[in-house]
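Hi,

Here is the structure I promised to pass on to you.

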Amino acid sequence: MKKLYVLIIFILCIPFRVNAIEACIRSYDNLYVPDKVEYKDSMRDNILDTPCVDVSRKVYDYADLFTIDEEERIYDEVSSFINRTGLDMVVVSINYNNKENAFSYAADFYDYNEFSYDGILFLIDMDTREYYILTSGEAIFYFDDNRIDSILDYLYYDMLDSDYSGASFKFVSKSLDYYEMGIITSKYTFDSKGNIVRKTPVVLFLVISFVVSLVVVLILKGRNKKVKLSDDADKYLNNDFKLTRKEDRFLRKNTQRFYVPRTSSSTTSSSGGFSTRSGSSGISHGGGGRKF
Amino acid sequence: MELMRMAKRKTSVGHKCPNCHANLTFKPKSQNWICEYCDSEFSLDDLKKNEQKYEEKKVVEEYLGEFDVYRCPDCGAEIITDLNTVATFCIYCKNTSIIKERLVGKFELKYIIPFKNTKEDAIAAFKKLGHGHPLMPKEFADIKNISEIRGIYIPFWLFSSSVDGRLVSEGRRIHTRYMGDYRYVTTEVYEIVREGNVSFSYVPNDGSKKFDDGIMNSIEPFNYDNLVLFSPSYLSGFYAEKYDLDSNEAKKNIEMRIKNTVSDLLGTQVRGYSSNTVKSMDINYDNLKVEYVFLPVWFLNIKYKDKLYTFAMNGENGKLIGNIPVDKKKMIITFLIVFVLVFLICILFFYIFIRGNL
């Protein structure tokens, strides 16, 4: 009997341990929607399905993959990353994914909690056996598709070996390396709300405007020149054209052979490319994931 | 002495009112002649009936090289004309003088399109020049810039002919196919012959070297349904010139125009080739007819900022032609307005459809 009590108490304690990282309980009346999200009714179920956490913890080990010691060390690494870069950083592990896929879980988790708009999240999803790196805001520009791929590569063997804490350390250090290498492209920027938008191609528009106005002025100028020599007599043609002979005589034929090696159809990804997608909150994110 | 020897007798006639013997003027609107003194109006038939009643006054012509001198049949003043003038005005009494000698023999005219529009129409058309020409200087279409306006019957050659054309060209058809790592390009060469027959009527070429061919081409086309049998009476009130470019010279221009048109017509019959090069294009005229006619043209000499501009109006359909000057300031302003407008549209379009659409 005593053993049973202990077991019951232990089982009861599990939710408490989990709940300890919850900062609030969402309800229909209070969804705790962060300011960065523009709330729409369609988001409600997704918000309710997303845990509301204490954003200062940074490490949310729902799947209990790290020891307390590891968790603290990861927290220290993450904190120093945050201090050095000004980007937010979150590490999450889950045993059960109640969303569509790893991306939607990561995006909702990041968006519906009060994390900074600019940040990076590392999710270990034990349910779908996928690890996912999600970037938001400014972080998208530091981690283009190639860099995300190379981080995923770098963590892959640790993930296969179930060394999740090792993978997390590597994630933080590699992220810092890339942050320090700087932004790759200048094609994107932020609008006043902090959303990623394309930079206005002012030079292109100036060139277009120049060409269009030049064409318009030249056309108008051309209209002032009315005196032209006619070089045809189309206006005086009677509509009685008769074709009296039509002959197409074959003269000769030749065939040339050219060596054309077959090229493989695989496309190489261009450097500096970003693929972004939006989660249920409508905020765009970069990043990528991999099965392990 | 030499002047006397070269002197010839020539006649110059005006058209007289059968009622009061004043000079008559042709009115394009009614296509009749009116007498401004006794207010009578006459048709061509009326005039013909009365014509023989009057003796033509004779004037003496003196040979002066490039110019001829006539005596005005009305006031006796000297009229100086160049060698091609058929109808002109006496600068003293403003009456029309027609030099009939220049309308006989090889200069005999068969048809004329009489003026259908008046000097006022030409002025009105000039005033409206700004419509559709935003780059024209605003003050250009001002009547005060018109330094001279003349209605002139221009000698024209009209060519009508049935034309046989023969186009020979070399066409290529190129097929490409792939087998393994090789591309096979097969080129088939064909000789293409197209022959056709088509007819042209009344292709015009002006018979006067004095007038700019570009302007003469640009006021085309005249509606030849309005051609009427020539009578010198139509010339009253207008200037007229005889040709100094003969039909053979004019034919060269016309042939070039006809050849281009026939070549285009036959060219459209060549289809289904990747490329083709014309080897030869020959035309033959069958039943070539050449007509010498007078066509009505209003000439406007425009003086604007010390530069002269010539405008011509088709005296039959009112089409006004001439190179309109371009206002550089307006050009720059138009450029800037379009520039800013297009730029704003680009930005607007970008912000609405592209900027946030990642």
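Leaving aside residues up to four places away in sequence, Pro325(B) touches Asn224(A), Leu135(B), Met136(B), Pro137(B), Phe140(B), Tyr304(B) and Tyr309(B), where contact means heavy atoms within 4.5 Å. This proline sits in the loop between strand S17 (320-321) and H6 of chain B; helices (H or I, at least four residues) and strands (E, at least two) are DSSP runs, numbered from the N terminus. Pro325(B) and Met136(B) are 189 residues apart in sequence, yet their C-alpha atoms are 6.0 Å apart in space. Pro325(B) counts as buried because its relative accessibility is 11% (buried means under 20% relative accessible area, exposed over 50%, partly exposed in between, with a 1.4 Å probe and protein chains only).

Before the rest, a word on the source. This is a predicted model, in which local features need pLDDT of at least 70 and side-chain atom pairs count only at pLDDT 80 or more, while totals for chains, interfaces and linings use all residues. Residues are numbered from 1 along each chain as its sequence is written, chains are lettered from A and ligands numbered from 1 in the order in which they are written, and side-chain values use heavy atoms, with hydrogens and water left out.

Another residue to look at is Asn145(B), in the loop between helix H3 (119-127) and strand S11 (146-179) of chain B. Asn145(B) is buried, at 10% relative accessible area, and its side chain reaches the backbone oxygen of Phe140(B) at 2.9 Å. Its contacts, again without residues up to four places away in sequence, include Glu139(B), Asn301(B) and Tyr304(B).

Now the interface. Chain B brings 73 residues to the contact and chain A brings 63 residues. The area buried between the two chains is about 6400 Å², with 58% of it from carbon and sulfur atoms; buried area is the accessible area (1.4 Å probe) that two parts lose on being put together, summed over both. Three salt bridges are counted between chain B and chain A, a salt bridge being a side-chain nitrogen of Lys or Arg within 4 Å of a carboxyl oxygen of Asp or Glu. Asp248(A) and Arg194(B) meet in a salt bridge at 3.1 Å, N to O. On the side of chain B that touches chain A, S11, strand S12 (182-206), helix H4 (213-218), helix H5 (247-267) and helix H6 (328-354) of chain B each supply at least two residues. The largest share, 23 residues, comes from S12(B).

Over all chains, the whole structure holds 20 salt bridges. In one of them, the side chains of Asp149(A) and Arg290(A) meet at 3.7 Å, N to O. That pair links distant parts of the chain, with Asp149(A) in helix H6 (residues 145-160) and Arg290(A) in strand S9 (residues 284-291) of chain A, 141 residues apart. Asp149(A) is partly exposed at 38% relative accessibility, and Arg290(A) is partly exposed at 23%.

Lys170(A) forms a salt bridge with Asp158(A), their closest N and O atoms being 2.8 Å apart. Lys170(A) lies in helix H7 (residues 164-181) and Asp158(A) in helix H6 of chain A, twelve residues apart. Here Lys170(A) is partly exposed at 29% relative accessibility, whereas Asp158(A) is buried at 12%.

Happy browsing, and write back whenever you like!

Terms used. Polar contact = N/O pair within 3.5 Å; in protein donor to acceptor, adjacent residues only side chain to side chain.
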